[in-house]
Amino acid sequence: MLLSQGRLRQTILALTLISIFACSLLLFRADIFEKLPVPKQFKPDGPPAPKPTPLYKPAPERRPDITDNFPLAAKANSSSSLPEIPPWNKPPQPHVKEKTPLFIGFTRNWRLLQQVVVSYITAGWPPEDIYVVDNSGVMQSNQKGLLTLQNPFYLNYGRLTTLLKVNVLTTPTLLTFAQLQNFFTYTALEKEWEHYFWAHMDSPAVSDEEYEEEGQLYRSLYMRAVDVMRETMRPDYGVLAARWFAYDRLSLVRTQAFVDVGGWDTLIPFYMTDCDMHERLWMKNFTIEDAKAGLIYDVASGIDDLEMFYRRKPTSAKREELSAPTMKPDGRNSPEYQELLKKLDEMQRAKNEDKAGRNTWQSAQQGGKGEPFYRDSAGFEQGISMTMNFGRDVFEAKWGRGPCDLRKAGLNENDAWRLVPGWEKEEAQKQAKKDREREMKEQRKKAENRKKESR
């Protein structure tokens, strides 16, 4: 019992000493920390620094508002209020036995779209065969009339379908050029069209009223296009992919040919995707040939009054008092027709000579703020331009070179994505030679080692 009390006193003493040591250590460490400098981030020194404010680009120069370039259609209540198609260009009744669908893609600029649609109608194309593809990316906004004229993506759905009697197809979202082309082909497959035409929305078309061919009567642009299609359908014609009118301002496509090469490469969204597609068609021994059907222009502006395409001559000096049905056709190859050609030629020349570029029409409108799917016009243009540059890089990576003449460089369809970048350059060829020599040397050495091991 006495021994137990002694041990207890020793234990209490030990615990007391440990407690005294621990308290001394804590006081010592606290004294040290008080003397240490406080890190700057924990030591407030005046008011906090202000957050950076967004810095904005200068506002773009405001462009003048556009006006509708078909005043008569804007006032019309029905298609009967519009002028008749020039009698010499009217489509045949009944319809030709062949199907002749014409796609016209649209993203921006209503004036140019309306102009090209009116031009094809007055050149004889049956309105029911024309398919405007609304690729504005605004879903049903145009169909519901939710956008206004100053909006770049505005399209007058009612005028196209009710007055001009053409069809409108709407893409579910904004498509690139390559995707839009595949949409044309897909639609043709769905509708079982063996052939289809497609036209650029900035390329109005006019029948050549001066054209004469020995032994043939006058034929409109539409009927001459039908003749070209019939020619390509002959069994002895060959393996056709496309016929180009005025380069490809208007194109005739054989649907299955585009399917057989896998369609357009959507990894190359805009520029160079046509080069990629056409080269792959040629690599597969398909033919693409030029053809003629009429006069097709490449313009960046719209005629202020599209009634000019209908070629109506007033029967009175007071033009504004006349309605369309009271006006008479001016006659084939008339002075009025020559005036139309002169105007279109001036517009085409202005586009080619514009120092700001050939496609300024794509960003001509700046309105629509607050409307569905609004996009800043300048920002949209910049984004498209960046996507174009990306496509050029993809093309170069796919084929190892930038220029378009792939077949001339000795390439075939199996070379895609397999080539060293810049393989045509002298230094690349020299390096490849060194690599081959090194590989051959290593193979000989391995063969010698295997021979020694087998002894």
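A residue counts as buried when its relative accessible area is under 20%, as exposed when that area is over 50%, and as partly exposed in between (1.4 Å probe, protein chains only). By that rule Asn 109 is buried, with a relative accessible area of 5%. The model is predicted: local features need pLDDT of at least 70 and side-chain atom pairs count only at pLDDT 80 or more, while totals for chains, interfaces and linings use all residues. Residues are numbered from 1 along each chain as its sequence is written, and side-chain values use heavy atoms, with hydrogens and water left out.

**The chain as a whole**

- The protein chain contains 11 helices and 11 strands; helices (H or I, at least four residues) and strands (E, at least two) are DSSP runs, numbered from the N terminus.
- Of the 455 residues in the protein chain, 42% are buried.
- Contact means heavy atoms within 4.5 Å. Taking contacts between residues at least 6 apart in sequence, 74% join residues at least 24 apart.

**The seven-stranded sheet**

- Seven strands form an open sheet in the order E3-E2-E1-E4-E7-E6-E8, and their pairing is mixed. Two strands pair if DSSP finds at least two bridges between them.
- E3 and strand E8 (287-291) are the edge strands, each pairing on one side only.
- From one strand to the next, the twist averages 25 degrees. For angles such as those given below, axes are lines fitted to C-alpha atoms, for helices over the stretch in contact, and the angles run from 0 to 180 degrees between N-to-C directions.
- Strands of a sheet pair through backbone hydrogen bonds, either parallel or antiparallel.
- Strand E2 (residues 130-134) and strand E3 (residues 167-170) run parallel and are joined by four bridges. Tyr 131 has Asn 167 in E3 as its bridge partner.
- Between E2 and E3 the chain passes through helix H4 (residues 157-163), and this β-α-β crossover is right-handed. That term applies if, with the strands pointing away from the viewer, the path from the first strand over the helix to the second runs clockwise.
- Five bridges pair strand E4 (residues 195-199) with strand E7 (residues 250-254) in the antiparallel sense. Within this pairing, Trp 198 stands opposite Ser 251 in E7.

**Helices on the sheet**

- Helix H5 (residues 177-190) packs on the sheet and touches strand E1 (102-106), E2, E3 and E4. The direction of H5 makes about 150 degrees with that of E4.
- Helix H6 (residues 221-232) also packs on the sheet, where it touches E4, strand E6 (240-245), E7 and E8. The direction of H6 makes about 160 degrees with that of E6.

**The disulfide and the helices beside it**

- A disulfide is a covalent bond between the sulfur atoms of two cysteines; here the term covers a pair of cysteine sulfur atoms within 2.5 Å.
- The structure has one disulfide, which joins Cys 275 to Cys 404 with an S to S distance of 1.9 Å. The link is right-handed, with 120 degrees about the S-S bond.
- Cys 275 is in helix H8 (residues 273-283) and Cys 404 is in the loop between helix H10 (377-399) and helix H11 (426-453), so the pair ties together parts that are 129 residues apart in sequence.
- Cys 275 is buried at 6% relative accessibility, whereas Cys 404 is partly exposed at 33%.
- The axes of H8 and H10 come within 11 Å and cross at roughly 30 degrees. H8 and H10 are therefore roughly parallel to each other; angles under 35 degrees count as roughly parallel, over 145 as roughly antiparallel, 65 to 115 as roughly perpendicular and the rest as oblique.
- Cys 275, Asp 276, Arg 280 and Met 283 in H8 meet Phe 395, Lys 398 and Trp 399 in H10.

**Single residues to look up**

- Gln 114 is in helix H3 (residues 110-122) and is buried, at 0% relative accessibility. Apart from neighbours within four places in sequence, Gln 114 is in contact with Asp 68, Asn 69, Phe 70, Arg 159 and Leu 306.
- Most residues other than glycine have a negative phi, and most peptide bonds are trans.
- The peptide bond from Gln 93 to Pro 94 is cis, with omega near 0 degrees; Pro 94 is in the loop between helix H2 (71-75) and E1.
- Asn 109, in the loop between E1 and H3, has a positive phi near 85 degrees.
- Met 139 has a positive phi of about 55 degrees although it is not a glycine. Met 139 is in the loop between E2 and H4 and is partly exposed, with a relative accessible area of 43%.
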